[in-house]
Structures are given as C-alpha cells and as structure tokens.
Amino acid sequence: MSPAAVVNELEALFPPPSCPPSALAPQRLPGTSVESLAALQHVLQDNHKRWHIFLNDMKFHNHITHRALALYALGGSGSIIREFYTQDSQRQLPAVESPEAITLTNFVDHLGDGRYYKGYVDFFTREIDEKGTPAVLEEYIFSDRFQYQEGASNQPEMLSRFTASLLHALIHVGHGLEFGLKGMVVEGLALAAVQDVDGKDFYPSRFFVENGQVTTEADTAVFDVIARMVRDDDLKVKNVNALREFKQAVEDHAARIRGYVAQWTINMTKKGEIERKVEELIWLTSILYAIGGFDEVKGFTGEFFLMHMVTSSLFLPSLITSLTPGSQALLLRAYLVTVLTWWVARGPPVLNVKSFMASTSTRPSAPIFEGDDGSGFPNEHPNPFLPIIQSSILNPNDHLPKIQRSFAHFSTVYGNRRAGYHKGTELEGAELLDGSLFIRAALLTANYMREANTWSINGFF
C-alpha cells in the first residue's frame with residue numbers, strides 16, 4: 001500500500017470525532033481546539049500503526065486511545081494529549097503482521113490468539129465497510145452463530161470475549177460509537193477476537209435463549225437483585241490474589257450469579273425501558289465502587305477492578321444506539337453478569353447506604369473561591385466538578401480522567417434525582433440515595449488518588 005493510501009485509510013478510520021449518538025451519551029466539555037483535534041488524530045492514527053492492543057504477554061491492555069479520547073472529551077489541550085501519548089508509548093508492544101489473513105473460513109480458528117490481532121483488524125475493517133457497524137455487531141457479537149458451533153474445538157463465545165477481562169473490548173467499541181470512530185470499533189472487535197474468555201461457558205448456550213427474550217413479568221429492579229445477593233452468605237471467595245479470585249468466583253458462583261441476573265426484568269414492551277435499565281446499571285456500578293469502597297472508620301478505598309465497572313457503564317448509552325431491541329437486552333443482561341461476578345470476586349464489599357450518605361461530603365475540603373466580606377458567596381464552591389476534572393486531566397494515572405468523566409456525566413443526567421427515587425426496592429437504605437451520589441464518589445476518588453496515587457487491588461475480604 002502506498003504512503004498516500006495508508007494516510008487515506010487512517011483518516012477514514014480516525015476522522016474528527018462526531019457528536020455523541022444520543023442525549024444520554026456523554027457530551028463534550030469546552031476546550032476543543034484545532035490543536036487538540038490534531039493531537040488526538042495523531043495519537044489515534046499513530047497508535048493504530050505502531051502498537052499492539054496488548055502491552056505484554058499477559059494480555060494487559062493498551063489504554064493509549066482511551067486516555068487520549070477522555071482528555072479530548074474533557075477539553076484537554078493538544079500538548080497534554082501529546083505528552084501523555086509519549087509517556088504511554090514507553091511500555092507498548094509493537095504491532096506485528098498476522099501469520100495469515102483472517103477470513104470467514106478461518107475466523108474461529110484463531111480466536112484468543114494475540115498474534116492474529118492485525119488480521120482481525122483487517123477483517124473487521126472490510127466487514128464494516130461492506131455491512132456497516134450495527135450489522136457487524138449483531139452478527140459477530142450477538143448472533144447464535146458466533147457463540148457456539150457444533151463440533152468446534154475452539155468455541156467462538158464472542159459475547160463472552162466482548163465482556164471479558166474487565167470489559168475492555170466493550171469499552172473500546174463504546175468509544176468508537178460515542179465518538180463516531182470506525183477505527184475504534186474495528187480495534188475493539190479485533191480485541192474481542194483475540195481476548196480469552198473469562199471462563200468456559202461463562203454465558204452458556206441457554207443464556208441466549210432465556211435472557212435474550214422479552215419479558216412481561218412484574219418489574220424487578222437491579223437493586224432488588226443486588227439486595228438478594230447481599231443476603232446470600234454462600235457468595236464468598238477466598239482471598240488468593242486479584243486474578244485468581246475472579247477465576248474462583250466464575251468457577252464457584254457463575255451459575256448462581258446468572259440465576260440472580262435472570263430475575264432482573266427487562267420488559268421491552270414498555271416505552272423507554274432500555275434507557276431505564278441502563279440507568280439502573282449506572283447506579284449499580286457507582287454504588288458497588290463508591291459505597292462498596294467506603295468504610296466509616298477506614299475511609300474510602302478506590303478499588304481498581306470495581307473502578308472498571310463504572311468506566312465501562314459510561315458506554316452503555318452509546319452501545320445501545322447501534323443494536324436491535326433483542327441485542328440491547330442481551331447486552332445489558334450479559335453486562336450485569338460480568339459486573340456482579342466482579343463484585344463477588346472482590347469480597348464482596350459491604351453496601352452500607354445509610355453510612356455512606358450520612359458520612360460523605362458533596363463539597364471539596366477547601367473552597368475554590370473565598371469571597372471577601374462583601375461577596376454574596378463567601379466560602380462558596382461554584383461547581384465542585386470543575387476542579388475535579390481539571391486535576392484529573394493532569395494526573396499521571398490514566399484511569400482517573402476516565403472515572404471522573406463518568407461521574408461528571410452521570411451527575412449531569414441523573415444528579416437531580418431526589419431521595420426516595422429508589423424507594424420500593426429491596427436494597428436496604430436505597431430510599432436515602434439521591435443524585436449527590438456521583439459528586440460524593442468523585443470527591444472520594446479525587447481525595448483517595450491524591451493520597452494513594454494508585455488504585456487498590458486488595459479487595460474487601
């Protein structure tokens with residue numbers, strides 16, 4: 001391919017970001033400029049050419065594009081985007097050519113093999129060019145054909161791969177749909193293809209029959225489900241190590257967790273149902289991380305694995321815009337299985353809503369502007385999210401701007417929910433929750449990272 005053709009291909013994969021696909025998807029903060037756009041496109045295109053999707057043989061993920069897009073969305077300058085790319089590039093694996101091209105004939109043969117990442121990138125690029133992103137997602141992630149195939153030694157299990165390993169493929173594709181970037185969708189689908197499953201039959205074949213169907217039962221909220229799991233003393237794991245604990249949760253409790261998830265109702269005959277269920281999941285991931293991480297005596301712990309549950313939920317509004325109703329329901333139910341499995345694997349942490357709401361603050365520890373005696377706003381905090389966002393943009397930890405962007409968006413959409421909004425669910429103290437959850441979580445996270453400077457992987461055992 002000629003240099004000019006390579007440039008044209010990269011520009012087609014990574015054009016200037018488009019507007020978000022829906023009002024529920026994150027909106028951009030002011031600060032976008034010619035400079036920041038040029039920096040973003042350079043990072044996305046250069047990363048696509050130079051680096052593998054895994055940064056080591058343990059299949060830890062390349063987060064370069066995730067940080068760059070978060071900084072761009074938060075209004076970060078071009079120089080900041082470029083500088084963090086320089087830093088992040090120091091620990092990447094170089095891109096390699098696939099041992100052979102991926103076609104429909106050998107698609108399943110090389111799933112889970114990172115050497116074929118480039119082959120899957122090329123394959124999904126062709127498929128999206130021919131069929132469009134929604135059709136490709138439906139076919140390769142949600143269709144029965146690419147879950148289980150009779151006689152196959154290497155089962156596709158593509159939905160399982162899509163949500164595996166802390167949901168990174170889902171996050172990657174979610175970025176592509178939020179920002180209108182075909183290249184991110186292609187990379188995310190290729191990541192799913194070379195990702196290992198979290199456990200054999202994590203979503204067994206019956207899951208697609210039982211959980212992909214529309215229900216008309218009485219409504220069971222996700223807070224009802226988590227409350228029932230809280231009361232289940234058998235949902236425990238031993239404190240072994242961060243990676244083994246998740247495998248143990250899958251081996252010991254996956255079927256039990258799927259049983260709880262099956263109780264969650266998604267009635268697609270109701271107008272606005274999928275948006276309500278997305279909101280339920282956003283509240284859930286936020287309380288598992290924020291309330292689960294809070295102890296009235298010990299303070300707050302920013303847990304690395306539960307943090308990913310929050311940052312992944314940010315992309316649910318964008319993902320559902322490209323799916324059919326059946327696949328929307330299947331995605332949300334599969335997502336809930338993964339989230340609850342991680343919660344169990346991390347302890348599970350206690351959810352003391354009353355203590356959290358009574359003991360945490362909605363105000364920074366120091367005022368941003370100290371008005372003089374003549375001011376009508378002495379010691380006022382004009383908008384506590386603004387300094388939180390500012391500091392996260394400059395923080396060297398690449399996950400901090402992502403989670404703070406998530407909480408800022410959740411506050412924008414759901415921050416006006418009053419206490420009592422969750423009244424009637426089975427979760428103890430749920431009636432006390434209001435939209436301040438998100439600023440409380442953001443402040444706790446900012447303060448924790450200021451002191452600890454890294455996420456905890458110790459869990460809550």
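This is a predicted model: local features need pLDDT of at least 70, side-chain atom pairs count only at pLDDT 80 or more; totals for chains, interfaces and linings use all residues.

Residues are numbered from 1 along each chain as its sequence is written, and side-chain values use heavy atoms, with hydrogens and water left out.

The structure holds 3 cavities of 30 Å³ or more. On a 1 Å grid over the protein atoms alone, a cavity is a set of points where a 1.4 Å probe fits but cannot get out; a pocket is an open set with protein on both sides within 12 Å along at least five of seven lines; lining residues have an atom within 4 Å of a point. Volumes are the space filled by probe spheres set on the points, which are joined across faces, edges and corners.

| Space | Volume | Lining residues by class |
|---|---|---|
| Largest cavity | about 110 Å³ | 4 nonpolar, 8 polar, 2 charged |
| Largest pocket | about 880 Å³ | 15 nonpolar, 8 polar, 7 charged |
| Second largest pocket | about 700 Å³ | 14 nonpolar, 8 polar, 10 charged |

Ala, Val, Leu, Ile, Met, Phe, Trp, Tyr, Cys and Pro count as nonpolar, Asp, Glu, Lys and Arg as charged, and the others, Gly among them, as polar.

The largest cavity has 14 lining residues; Ile171, His175, Thr311, Phe315 and Lys402 are the closest to its centre. Helix 3 (64–73), helix 7 (158–179), helix 13 (304–313) and helix 18 each supply at least two residues of this lining. Helices (H or I, at least four residues) and strands (E, at least two) are DSSP runs, numbered from the N terminus.

In the largest pocket, 30 residues form the lining, and Phe60, Ser165, Leu166, Leu243 and Phe305 lie nearest the centre. Helix 7, helix 11 (242–262) and helix 13 each give it two or more residues.

**Helix pair**

Helix 17 (residues 385–394) packs with helix 18 (residues 400–414) at about 160°, with the axes 9 Å apart. Helix 17 is therefore roughly antiparallel to helix 18, a term for angles over 145 degrees. Axes are lines fitted to C-alpha atoms over the stretch in contact, and angles run from 0 to 180 degrees between N-to-C directions.

Contact means heavy atoms within 4.5 Å. Helix 17 contributes Phe385, Ile388, Ile389 and Ser392. Residues from helix 18 include Leu400, Pro401 and Phe407. The contact comprises 7 nonpolar, 3 polar and 1 charged residues.

How values were computed
Angles under 35 degrees count as roughly parallel, over 145 as roughly antiparallel, 65 to 115 as roughly perpendicular and the rest as oblique.
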